[in-house]
Amino acid sequence: MTDNVMIRVEHLLKDYGTGRPAVNDISFDVRAGEVLGFLGPNGAGKTTTMKILTSFLAPTAGRAEVAGYDVYSQSLEARRRIGYLPEDTPLYHDMTVLEYLHFVADVRGLPKSSRNARMKRVVEQVGIPDRLGMLIGELSKGYRQRVGLAQAILHEPEVLILDEPTSGLDPNQIAEIRQVIKEIGREKTVIFSTHILGEVQATCSRVIIISDGKLVADGTPDELTGRKTGTNTVLVEVAVASNKHDPLELIRRVDGVLAAELVPVGSATARMYRVTAEGGQDPRGDIARVIATVDGLDLLQLTPERASLEAVFRRLTTTSTASSDQAPLAAAGGM
Amino acid sequence: MQNVMAICKREFSSYFNSPIAYLVVTVYLVLSGALFFSTLFIEGQADMRQFFGLAPLLFFIITPFLTMRLLAEERAQGTLELLLTMPITDWEVVLGKFLASVGLVSVLLFLTLAFPISVAEIGPLDKGATVAAYIGMLLMCATYAAIGLMSSSFTKNQIVAALIALFIGFGLFIIGQMVQLMPSWLAPFCNAISIHTRFQNIARGVIDTRDVVYYLSMIFGCLLVAQTTLESRRWR
Ligand SMILES: Nc1ncnc2c1ncn2[C@@H]1O[C@H](COP(=O)(O)OP(=O)(O)OP(=O)(O)O)[C@@H](O)[C@H]1O
Ligand SMILES: [Mg+2]
C-alpha cells in the first residue's frame, strides 16, 4: 500500500493574470503514509498550490489528482477524500463549536449512527472537549486552529491538506498539533505548509521547497541536508605549534578532498578548516593520519558538518529573493 | 438535497444569531402594522387593500438587508473557501442559502397574518383574494431574496450587496409605476417585467400561470447568476 500515489501534481501552472505565474510548472507525487512538508518563502505559491489541490481554484495549465481523481474534472470525488484547513482558519464565528462540527458532519454526510462516536474521538484528539459550547468567535486563535483541524479530520479523509496549521500557536499547542499530524500521517497522506523549519524535521517524512512558483527541492529532510547524498563537509580543527607545515596544504592533498578553506576562530594556536569532499567519500580517516604524521600539528576535532535545513532553505530560496521580496506580505486570502 | 438542507439549516439558524434579522423584522412589523392599523382606526376601513398596496414597496426595501450577508460575508471571512472545498456543488450552496432566506421571509409573512385575522374579526374578509395575495407576496419576496442573493455573490462588502439589491429591486418596482410615461410600444414590456404589476394581478385574486412563471423564472435566473459568479473563480 505504501507506494500508492495519493497526490499527483503534473506540470501545474497558475497565473492569476499578473503575467508572472504564482505556481510555475510544478510536479510531484505524494504517497500514502507520507507526511509532506511544503516549504517556501512568502509568496512562493504554497497556498495557491493547495487551493488548486482542493479544487477551490482551477489551474491555468497542468493537472493534479487526489486519490486518483482529477481535482478539476472529478472535483466532487476528490473533495470527498480531502480534509482541508485553509490559511488563517476561516470559521463561522457566530456558531458554537458543537453546532459547527454538526454542520460539517452534515455536509460531509457522516452517517448518523457513527457520528457521535467519531465526533467525540476527534474532539479529544485535538483537545477541545471543554470548548464545545463556546462560540467560535470567542475562542483564542489556538483553539480556533484546533477546531479548524477537527473539521478537517472529522470524516477521516485519505488526504489531509493543511495550510500553516501551526502558525500563531504557542509551543505546547504546536507540539500537540504536530502529534496529531504524525498520528494521522501513519496511515493517511498529509501535506502541510509551514515556515517553522524545526517542525519539518520533527514531523515530515518528505520535504518540498518551492520558491517563486518553482520547485527547487524534493526529498527527505536527511537528503536535503546532505546527510545521504551530495558532498561531504567536515570541520577539521588543528593545534599548530610551529609554522613549519601548513595544514591546509596537507589537507588539500588528501584523496577525495575537493576544497578546503580556513574558518576564522580567533585562536592563536588552533586553526579550523572546512573541508569539502566528494560525495560518498569520508575523508576523515585520511585527514587524521596525515595530521598525525606531522610534528607540531595536533588534531583537536574532526566533525562532519551537516547543513541545517535552514541553511539549505536559505541557499535554495535566496537566488530569487529579488522577485519574491516584492510580495512579502502577499495576501493569500481568497478572491 | 441533504447538502442543500444542511446549508439551509445553518443559514436559517444564523439569522437568529444576528441582530440584523431581528431589527429588520421588527422595523417591518412596526411599519406595516402602523400603516394597517391607521387605515383601520382612522378611516374605519377594515380591509387589506392598503396593506397589500404597500407590501411590494416594503419588501424591496427590507429583503436586501436580509440577504446581503449570505455570500458576501462568507467571501469576506474566507469561509467561502472552506465551504466550496467541501463535497458540495456551488448550486447546492446557492439553493440552500436561497431557501433559508425564503424561510425567514415566510416567518415574516406568517406574522403579518395578524392583519387579515383582525379584519375578519371586524368585518367580511375576501378570503380568496387574501390567500392569493399571500401566495403573491411569497413569490414576490422570494424573487427579491433571489435578487439579494445574486447581489451578495458579486462582492465581499455587505453594504454594496444591499445597495445593488435595492437598486435592482427599485428598478423592477418603479418600471411598473412609470408605464404611463413610457412610449406605448415599451409599456407592455415594462408591465411584463414589473414585479409590482405582477403582484397586483395576483392580489386581485386571480393566480395566473404567467405571473407565477414570471416569478419562478426571475428566481431561477438570479440563482443561476449567483452560481455562475461563484464558479467564475475557477475560470479567472
Ligand atoms: N487572488 C490573487 N490574485 C492575484 N495574485 C495572487 C492571488 N493570490 C496570490 N497571489 C500571488 O501569488 C503568489 C503566490 O501566493 P501564495 O499565497 O500562493 O504564496 P504562499 O507561498 O502561500 O505565501 P505565504 O508563505 O506568504 O503564505 C504571490 O505572489 C501572490 O501575490
Ligand atoms: Mg500561504
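This tour goes through a predicted model, one selection at a time.

**Chain A as a whole**

Start by selecting chain A and colouring it by secondary structure. It holds twelve helices and 14 strands. Along the principal axes, its C-alpha atoms fill a box of roughly 85 × 45 × 40 Å. Colour next by accessibility: of the 335 residues in chain A, 49% are buried. Contacts in chain A can also be sorted by sequence separation. Taking those between residues at least 6 apart, 70% join residues at least 24 apart.

**The magnesium ion**

Select ligand 2, the magnesium ion, together with A:Thr47 and A:Glu87. These two residues are its protein donors, through OG1 of A:Thr47 and OE of A:Glu87, at 1.9 to 2.4 Å. A:Thr47 belongs to helix α1 (residues 46–53) of chain A, while A:Glu87 sits in the loop between β6 (82–85) and α3; the two are 40 residues apart and come from distant parts of the chain.

**Two salt bridges within chain A**

Over all chains the count of salt bridges comes to 30. Select A:Glu158 and A:Arg81 for one of them, in which the closest N and O atoms are 3.8 Å apart. A:Glu158 is in the loop between α5 (141–153) and β7 (159–163), and A:Arg81 is in the loop between α2 and β6, so this pair ties together parts of chain A that are 77 residues apart in sequence. A:Glu158 is partly exposed, at 34% relative accessible area.

Move to A:Asp218 and A:Arg206, whose side chains form a salt bridge with an N to O distance of 2.9 Å. Here the link runs between two strands of chain A: A:Asp218 is in β10 (residues 214–219) and A:Arg206 in β9 (residues 206–211), twelve residues apart. Show the accessibility of both partners. A:Asp218 is partly exposed at 35%, whereas A:Arg206 is buried at 11%.

**Where chain A meets chain B**

Now show both chains and select the residues in contact across them. On the chain A side there are 31, and on the chain B side 27. How much area is buried between chain A and chain B? About 2800 Å², with carbon and sulfur atoms giving 58% of that area.

The two chains are joined by two salt bridges. One of the charged pairs to select is B:Lys9 with A:Asp106, whose side chains come to 3.4 Å, N to O. In chain A, α2 (75–80) and α3 (97–107) each supply at least two residues of the side that touches chain B. Of the elements to highlight there, α3(A) gives the most, with five residues. Coloured by class, this side of chain A shows 17 nonpolar, seven polar and seven charged residues.

**B:Ser153**

The last stop is B:Ser153, in helix α8 (residues 127–154) of chain B. Its relative accessibility is 0%, so B:Ser153 counts as buried. What do the polar atoms of its side chain meet? One lies 2.6 Å from the backbone oxygen of B:Met150. The side chain of B:Ser153 also makes a polar contact of 3.4 Å with the side chain of B:Thr229.

Key
Residues numbered from 1 in each chain as written. Chains lettered and ligands numbered in written order. Predicted model: local features only at pLDDT ≥ 70, side-chain atom pairs only at ≥ 80, totals over all residues. Heavy atoms only, no water. Contact = heavy atoms within 4.5 Å. Buried area = accessible area lost by both parts, 1.4 Å probe. Salt bridge = Lys/Arg side-chain N within 4 Å of Asp/Glu carboxyl O. Helix = DSSP H or I, 4+ residues; strand = E, 2+ residues; numbered from the N terminus. Nonpolar A, V, L, I, M, F, W, Y, C, P; charged D, E, K, R; others polar. Donors = N, O, S within 2.8 Å, 3.2 Å for Na, K, Ca; no water. Buried < 20%, exposed > 50% of the residue type's maximum accessible area, 1.4 Å probe, protein only. Polar contact = N/O pair within 3.5 Å; in protein donor to acceptor, adjacent residues only side chain to side chain.
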